[in-house]
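This report is meant for someone meeting the structure for the first time.

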Amino acid sequence: MQQWSLILIALTVCLLNCTLTNAIPLRVRGRTLSTPGWVTLPLKRFQTTRTNVHPQLLMQQHINRGSKRLSRMIGRQEPSEHELRSAMHKRLYLLESGQGSTFQFGNTRVGMAAAHGRHGSHGLMSNGTIANCTMLGGSGATSGNNTGVSPLDIQAAGNGGLTPAKSPTTNGSLGLDIEANDVAYIATIQIGTPPRDFQVLMDSGSADFWVGGENCGNCGNHTSLGTQSSTSFVPSNTQFQVTYGSGEVVGTVCQDQVSIGGTALSNHTFGVTTTESRQFADPGVPFDGLMGLALSALSRQNVSTPVESLASNGLIPAAITSFKISRLADQLNDGEVTFGGLDPSKFIANSLITIPNVSQQGFWEGSVDAVTINGADGGITGRTAVLDTGTTLMLLPSSDAQTLMQGLGGTCDSQQCTIPCTTNASLALTFGGSSFSVDPRDLAVLPVDANNPTGDCTSGIQPGQFGTATQWLVGDVFLKNAYFSTNVNNNTISLAKLSTP
C-alpha cells in the first residue's frame, strides 16, 4: 500500500507540473514562478467575424452594454435608449469615415492636406473629428422657419452616390456634382489618349492632382490610368505621398493629356496612385481622384496645379479658380467650378470683396474681421479661416466651437457639438468689411435619431484643431453661402453674396 501511495503522489506531482508548465504564457516559460501553487490558463483573443461593422462601433456597443450592466449591479438608473444611441452616434462621429460600417451617416470629407507638415504642423484634426454635413437653405439669407432636416438629405446620406449638376453655361466651367448629402463636390474631366472621363473631387485645401493608377492594387472599381489605357501616358519613378485630414494616397508622378472643360492641357504633370486608403479606395467612394487647387507651394508632387499650368500656357487669362457650391435640398444642382475668371451670373456684383491671402503655407486663408451670432458680437476676434471646398464642416478649436454653440443655442464638448434640427439661430462671418450669413439650416447636420428630423442634430460646427489656436478650417457649411474665388497671380481671395436663382 505504501508503494501505491508513493506512486499516486508522484503521478499527482507530475500532473500538477504539466498543468503549470503548459499554462504559462510563452514570454514567461522557463522562469521560476514566485507562487508555484497558482494555476495559470492562457486566454485566447476572440476575433469577431462581423467584418461589416467598424471596430470603434463594436467597442461602443461593448461600452453601452457595460454601462447598463454596471447600473444594474450598483442599483442606479440604467441609461436611456436615447443616451445609448447618442453615445453610438458620437463614436461614429469620431471615425474618419462612415464607409465600411453598418451606419452610413458618417460620410464626410476633410480635404485639407497635411503637406504643410514640413512647416511644423499636421493636417489631421487633433481629435480625429470628421463629421457629416447635410444642409438646407438658399443664398445665405436667414430663414424664418426651419422645419428640420430634409428627407432628401437623410436619404442621400444613406444611399451615397452623386447627384449630377446641370451643364454650366459659362465658358471654362465644369458642373459640380453633389456627393451624397453635400459631403463633397465632384467634376468630370478627361485624361489620356483616347480621352476618358474621370470624376475628381475639387479641393481648394490641397495642391496635388492625382487619379488611380492601373498598378494600384487596392483602388477599388474606379477608373484608372496607365500605359494600358492611354498611349500618351508617360510614367516616372518619382514617388509622392499625400496625407489628408481623412485618408492618404501614395503613388508616382506621370505626364499625360488632360482636358478641363474642353481646354486641352498637353503633357501635364500629375500623379497616379499605387496605394489608397479606404477613404478613397472604397467602392462606395464616387470619384476617381482629386484635384488640389491650393497654391503649388503646398504640393507634395512639387509640380504646378492644373489652374497654374492653364494660366502659364496662356490657355486662361489668369490662374483664377471660382466656386459656386450648391445644396442637394435646394434641388437646383447649379454648382460649378470656373477656371480663369468669375461667373457673374452666380453672384451680386456690388457685394464682391477681395482680401489678401494670409497663409504662409499655400492654403487660401483669410482674416476674419468679426463673428456675429443672431446679429450680436460673438466675442471672438483675431481668427483666420482656411477656406476649403474639400472639407464638409467648419472645424474650430474646442473653446471657439463651444463659444459659438452656446450662443447659437446648441451644446458642445471637446469632441462633438449638437444643435436643434429646427434652429433659427443666425451665424455670420465678416471678411473684408462684408458680412456673410450662414443659413440657420446649414448649422444642422443629420439628426441624432434618424427617425426624428426635428429633434437634436449634430452641428455643422465641430471641434477640431488642425493648426494654431486662432486658425479655423471653414468648409462647405460656410462656402455654400457665398461665391468663392481664388487668384494665384495676386495671391488674393474673393467672396461675394450669391445671386437669387
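## A pairing at strand 12

In this predicted model, G175 stands opposite E336, a residue of strand 12. The two strands concerned, strand 2 and strand 12, run antiparallel and are joined by three bridges. Strand 12 also has strand 11 (residues 320-324) as an antiparallel partner, with four bridges between them, and here T321 has F339 as its bridge partner.

Strand 12, which spans residues 336-339, is covered on both faces, with E336 and T338 buried on one side and V337 and F339 buried on the other. This arrangement can be read against a general rule, which is that side chains in a regular strand alternate between the two faces of the sheet.

Strand 13 finds its antiparallel partner in strand 28 (residues 492-496), and four bridges connect the two. Within strand 28, L495 is the residue that stands opposite I353.

## Strand 26 and its partners

Strand 26, made up of residues 471-474, pairs in the parallel sense with strand 17 (residues 383-387) over four bridges, while its two bridges to strand 18 (residues 394-396) join strands that run antiparallel. V474 of strand 26 is the bridge partner of L387, and V474 also stands opposite M394.

The side chains of strand 26 point in two directions, Q471 and L473 one way and W472 and V474 the other, and all of these residues are buried.

## A buried glutamate

Beyond its neighbours within four places in sequence, E365 is in contact with several residues, among them P356, V386, Q471 and I493. The C-alpha atoms of E365 and I355 lie 9.5 Å apart, and the two residues are 10 residues apart in sequence.

## Helix 7

Helix 7 runs over residues 398-408, and its buried residues are D400, A401, L404, M405 and L408. Seen down the helix axis, these buried residues fall within an arc of 125 degrees, so they line one face of helix 7. In an α-helix there are 3.6 residues a turn, so residues three or four places apart point the same way.

On the other side of helix 7, S399 and Q406 are exposed. The residue that follows the helix is G409, which has a positive phi, near 85 degrees.

## The chain as a whole

The protein chain contains eight helices and 28 strands, and 53% of its 501 residues count as buried. Of the contacts between residues at least 6 apart in sequence, 69% join residues at least 24 apart. The accessible surface of the chain comes to about 21600 Å², and 52% of that surface belongs to carbon and sulfur atoms.

Definitions and conventions: Residues numbered from 1 in each chain as written. Predicted model: local features only at pLDDT ≥ 70, side-chain atom pairs only at ≥ 80, totals over all residues. Heavy atoms only, no water. Pairing = 2+ DSSP bridges. Buried < 20%, exposed > 50% of the residue type's maximum accessible area, 1.4 Å probe, protein only. Contact = heavy atoms within 4.5 Å. Arc of directions from axis to C-beta. Areas by Shrake-Rupley, 256 points an atom, 1.4 Å probe, with all protein chains shown as cover.
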